[in-house]
Amino acid sequence: MSAGRAGPPREILRIGMVGSRFIAHFHLQALLGVRNVRVAGVYSPTAANRERLAQRADALGLGPCAAHASLEAMLSAGEIDAIWILAPNDRRLDVMRTIHRLQKAGRAGLLAVACEKPLARTLAEAREMVRLAEDAGLNHGYLENQVFAPAVQRGKEIVWRRAVPLSGRPYLARAAEEHSGPHEPWFWQGERQGGGVLSDMLCHSVEVARFLLTAPGAPRASLRPVSVNGTIANLKWTRPEYARKLEGMMGTAVDYARRPAEDFARGTIVLEDPDGQQVMIEATTSWAYVGPGLRIQLELLGPEYAMEFSSLNTGLKVFLSRAVSGGQGEDLVEKQNAEQGLMPVLEDEAGAYGYTAENRHMVEASRSGARPAETFHDGLAVVEMLMALYRSAELGRTVELPLAELETYVPPTARPQNRA
């Protein structure tokens, strides 16, 4: 269980961010829509990056924010109430170990910790993340933004209130997320990231689908995974011309010709509800989609109803003719692939993707000691399903759950010899 605490809520929650790149800046933008919070500190190993994030926090009115040269220094400063772990996947467990050590020694004084998706690279790492947080007495939140997206929250509320009582619970959730590839080199390195696109993006799809299928007020664990079938493939980035292009963009640390991690993944998960009925998740993710930008598509189907959402079906569009040319950017939509033509525009990406509501929820839970709607236990459950999907893809068949071998399992694209 997450730790609770007695007494009135903390007036202002002082957040310390671990990590200072793309996702940290996304969280800063989201926190503009959150009350009772201050970004008080940031640590990352690169001085220029942490200074840039601290300056950005101050410029947005979220500070004053101090840039720290070590995690120990930030935790020991007496200025931080909660940590947002936004570091690369291969650093998250070490960050949690440091938090645990200093909290147990009475040097940190934290109330809570929150961690970006996925919680860990393997099931063993995820279990240790949960153990460390709870042994340190910390409230813990799993930062899965798609669950908090306004369209997802509103759509689920309508379906379960209007349709389910008259025709029965939903039985199929489809979730897809696709874009043209990640921003940072470590995402493409299987051993560091924990795999490829399945680890990076199917974690979103699995959890938002599971959320939509779960009855309001019921624990996510009320749906029991029964079996999974997974497929992974390299469709684009192992082609010689694209492997060379990727190395040019990311540097020699990324050699997709010799050390690829999958750029396409598909998964089917069968779950059982409390009445013994089967429900299903269908999820697809890709780093090989070239469209206007990041595309998220969701569907929820039941006996007499359907719900659907697409992030690129925006209300705002801008047309730019051939005469309007300029440099490349992501000012219209995340992972933007063009600067001309009829372009969809997300006027508030942090809000539309769920980051604002996610941060609002986690800040209030951390201030008050309430159990968040998404905890490390949910992150653990997601990692278990991801590992089962990787194992299914490796074996080329459906696997039944629970599966004992997942406790020590490492996906093929994340094994050290894959990078030999």
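In this predicted model, six strands make up an open sheet whose order is 3-2-1-4-5-6, with parallel pairing. Strand 3 (66-68) and strand 6 (139-143) sit at the edges, and each of them pairs on one side only. Ignoring direction, neighbouring strands of this sheet are turned against each other by 25° on average.

Five of its six residues are buried, so strand 1 is largely enclosed by the rest of the structure. On one side comes strand 2 (residues 37-43), which pairs with strand 1 in the parallel sense over six bridges. Here Val18 stands opposite Tyr43 of strand 2. To get from strand 1 to strand 2, the chain passes through helix 1 (residues 22-31), and this β-α-β crossover is right-handed. Strand 1 also runs parallel to strand 4, and four bridges join the two. Met17 has Trp84 as its bridge partner in strand 4.

Further along the sheet, strand 5 (residues 112-116) is joined to strand 6 by five bridges, and the two run parallel. Ala112 can be found opposite Asn139 of strand 6. Helix 12 (residues 376-395) packs on the sheet here, touching strand 5 and strand 6, and its direction makes about 45° with that of strand 6.

Now to helix 2 (residues 47-59), which has 13 residues. From its first C-alpha to its last, helix 2 reaches 18 Å, close to the 18 Å expected at 1.5 Å a residue. Which residues of helix 2 are buried? They are Asn49, Arg50, Leu53, Ala54 and Ala57. Seen down the axis of helix 2, these buried residues fall within an arc of 130°, so they line one face of the helix. What they pack against is strand 1, helix 1, strand 2 and strand 3. Over on the other side of helix 2, Gln55 and Ala59 are exposed. After helix 2 comes Gly61, with a positive phi near 80°.

The model also has an open sheet of seven strands, in the order 12-11-7-10-9-8-15, and here the pairing is mixed. The edges are taken by strand 12 (305-310) and strand 15 (399-400), each with a single partner strand, so one side of each is left without a neighbour in the sheet. Gln297 stands opposite Ser310 in strand 12.

Helices pack on this sheet as well. Helix 6 (residues 150-167) lies across strand 11 and strand 12, running at about 175° to strand 12. Helix 8 (residues 197-213) touches strand 7 (172-178), strand 8 (224-233), strand 9 (264-272), strand 10 (278-286), strand 11 and strand 12 as it packs on the sheet. The direction of helix 8 makes about 150° with that of strand 10.

Methods
Residues numbered from 1 in each chain as written. Predicted model: local features only at pLDDT ≥ 70, side-chain atom pairs only at ≥ 80, totals over all residues. Heavy atoms only, no water. Pairing = 2+ DSSP bridges. Axes fitted to C-alpha atoms, helices over the stretch in contact; angles between N-to-C directions. Contact = heavy atoms within 4.5 Å. Buried < 20%, exposed > 50% of the residue type's maximum accessible area, 1.4 Å probe, protein only. Right-handed = clockwise from strand over helix to strand, strands pointing away. Expected span 1.5 Å × (residues − 1). Arc of directions from axis to C-beta.
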